[in-house]
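Look over the sequence and the model before reading on.

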Amino acid sequence: SLGSWWLWRFLLGFEKGEGVRAVPLSGHVGFDSMPDQLVNKSVNHGFCFNILCVGETGLGKSTLMDTLFNTKFEGEPTQHNQPGVQLKSNTYELQESNVRLKLTIVNTVGFGDQINKEDSYKPIVEFIDTHFEAYLQEELKIKRTLHSYHDSRIHACLYFIAPTGHSLKSLDLVTMKKLDSKVNIIPIIAKSDAISKSELAKFKIKITSELVSNGVQIYQFPTDDETVAEINSTMNGHLPFAVVGSTEEVKIGNKMVKARQYPWGTVQVENENHCDFVKLREMLIRVNMEDLREQTHTRHYELYRRCKLEEMGFKDTDPDSKPFSLQETYEAKRNEFMGELQKKEEEMRQMFVQRVKEKEAELKEAEKELHEKFDRLKKLHQDEKKKLEDKKKALDDEQNIFKQKKTAAELLQSQAQQAGGSTTLKRDKERKK
Amino acid sequence: MSEIVPPEVRPKPAVPAKPSHVAPPASVPHMPPHGPGAGSQGSGGGSTLLGYVGIDTIIEQMRKKTMKTGFDFNIMVVGQSGLGKSTLVNTLFKSQVSRRSSGWSRDDKIPKTVEIKSVSHVIEEGGVKMKLTVIDTPGFGDQINNENCWEPISKYINEQYEKFLKEEVNIARKKRIPDTRVHCCLYFISPTGHSLRQLDVEFMKHLGRAVNIIPVIAKADTLTPEEKTEFKQRVRKELEVCGIEFYPQKEFDEDMEDKSDNDKIREAMPFAVVGSDKEYQVNGKRVLGRKTAWGIVEVENPNHCEFSLLRDFLIRSHLQDLKEVTHNIHYETYRAKRLNDNGGLHPISSSSDTQESNL
């Protein structure tokens, strides 16, 4: 309408210290469709939500997820004999009206099963960091596609507390302390139908006070938006949520409801007198899903990024060099790295060439030796042969001489026999001479 | 690993044989306590609310958050003086948001070089707050020699990208990086009826890849409908021949639906517009118009000019997209180039002067 839309003139600071005047509109412009435009684009792209379930084996983590999302996710119940803690993640595509959700559920497999649980939290922290790192890497790329990046960072961590009724286990405290600056933690009491109502109240108080005294920061449902401030602050007071999960339905009255049936009664999952399941679903999905995503990005991820970059040696130094310090250092580091890489490559190449040469020389040596040996042997052989031949010749000569002698001797003998006095003849001949 | 697991379709519960002493059951559907109400059905059909999880509430959650933070929008107007730039912007936003209205008089001398003057206001509508910054470029195309007069504009645009980049690469970053980048540049074409001027082509060629340019034919009440159609066709042809892509650029159409919507818009551009902040009585209604001896040109009458088309396109359907294309494409292009330049570590300087322009 062309009526008057008057805003009282006041200074609005959109940026610190900068006053920007408000002006009235004299008619309908149409930019009030901005939120719709933005939302439509997000709907086209689809949403993703990643939940990490941390808790001992057998606390009903998978069942709770099935119950929350009204579907049967795959998986066999895990055994209790895992050697270490592993994280198994599965992604599902769900749709409700025009909203497409890529839901990833990560489960800690084998958590709490080992005798020595000192390092149990480590795979969890590593997992979270890995996904922060992946996002950081994408963000630092030169050619990047952030708007179509599948966000794999964990948006909510449901920490399953065993329903002992007494207090938190030290494993719980240690793990939550390690995780509270990295992820939004929502603590829940699992299988809470094992605890009576009065014990539950005491249990919740004990848990809350232990968390506070150990300085564990759990996720607070936000109270800055008036439309949700009230319900969120009420819910904050109900933490940790005591939940019961079930995908089995039991007939109560004339309805089929999700429940667990015991001989002494039926625990109805969606009955708020029986457990806090409905509260969890409200808070996690229907009221604060977007805030959980936002906090992950603006708080936990920023902290990770800052620490990582500082660790790598980047600094926001003086204002003059500020714009380029990250780029510059990054570039310098990259060049340094590339230079080192090249140097290493060169070294390796040299070493390889060297080794090849050495081997070649060795082989040549060996070859030479072999030749020499062969020559030597050949010579030896020849010498031997010659020696033998000489010997043979000598022997032959001797034989010949012997033969000659023999022949001569025989001849003489026969001559001597022919002339009895052949010898005298010979003597006479010899006298006559 | 990704599985398509649709929510279970729950079979309708069988009506039990009622025990004789129990009253007939009243069917009471189970209402979710804070659900958004209508429209939330499990995608498998079947019973309406038994399968409801509440995933679709994320739309409301997101909407609430964006309304709380408000929006920034930065629009630049480029064109020779006298083409009605300020009036058009004021008409578009139904408010005195342009430079002229913020204490500047019409007797101001045309500057000797192109100046960049920006002014910001906050406007609110339907609970949505918007900080609108209008960037004027007095002096553009007004000199005798207009060579390279787009350079100060180009420099300004790049400076805003640079500012954003600087903030983005900080170790300790602000929660919300202030966005001064130019989301949209309205380029005013003189309604000669012939063809584009050399200056128009040069400007759009140089800046078309750095910013979203929306060309408009200014003061279109000097063109008859036939002249208008012909002129538009010629302009589009010329832009195509020169390889100039104005917003919405074909290459950024996301899907078939986008493409078909945007094709219609591209066919109708450049919009021939008339601006006015004066109201007149026409047929018992008060309308924005320009009064001439031969009649009143009604600004928002689609038969008279295409102002409404421009407004609907710019503000009611593509406002967010303009910002997204600026952020996801133009800014990324700038950033990639910046990071790739080895030693591109000195402050931005234009070819003629090495001083950074101050606002």
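## Terms and basis

Buried means under 20% relative accessible area, exposed means over 50%, and partly exposed lies in between (1.4 Å probe, protein chains only).

This is a predicted model, where local features need pLDDT of at least 70, side-chain atom pairs count only at pLDDT 80 or more, and totals for chains, interfaces and linings use all residues. Residues are numbered from 1 along each chain as its sequence is written, chains are lettered from A and ligands numbered from 1 in the order written, and side-chain values use heavy atoms, without hydrogens and water.

## A buried asparagine

A:Asn70 is buried, at 3% relative accessibility. A polar atom of its side chain lies 3.5 Å from the backbone oxygen of B:Tyr52.

## Aromatic pairs

Rings of Phe, Tyr and Trp (its six-membered ring) pair if their centres lie within 6.5 Å; planes under 30 degrees apart count as stacked, over 60 as edge-to-face and the rest as tilted. The whole structure holds 16 aromatic pairs over all chains. B:Phe164 and B:Tyr331 are edge-to-face, because their ring centres are 5.0 Å apart and their planes stand at 80°. B:Phe164 is buried at 9% relative accessible area. B:Tyr331 is buried too, at 0%.

In chain A, one aromatic cluster is formed by A:Phe132, A:Tyr135, A:Tyr149, A:Tyr301 and A:Tyr304.

## Charges over rings

A charge sits over a ring if NZ of Lys or CZ of Arg is within 6 Å of the ring centre and within 35 degrees of the ring normal. A:Arg153 lies over the face of A:Tyr301, 4.9 Å from the ring centre. The charged end of B:Arg181 sits over the ring of B:Tyr331, 4.9 Å from its centre.

How values were computed:
Polar contact = N/O pair within 3.5 Å; in protein donor to acceptor, adjacent residues only side chain to side chain.
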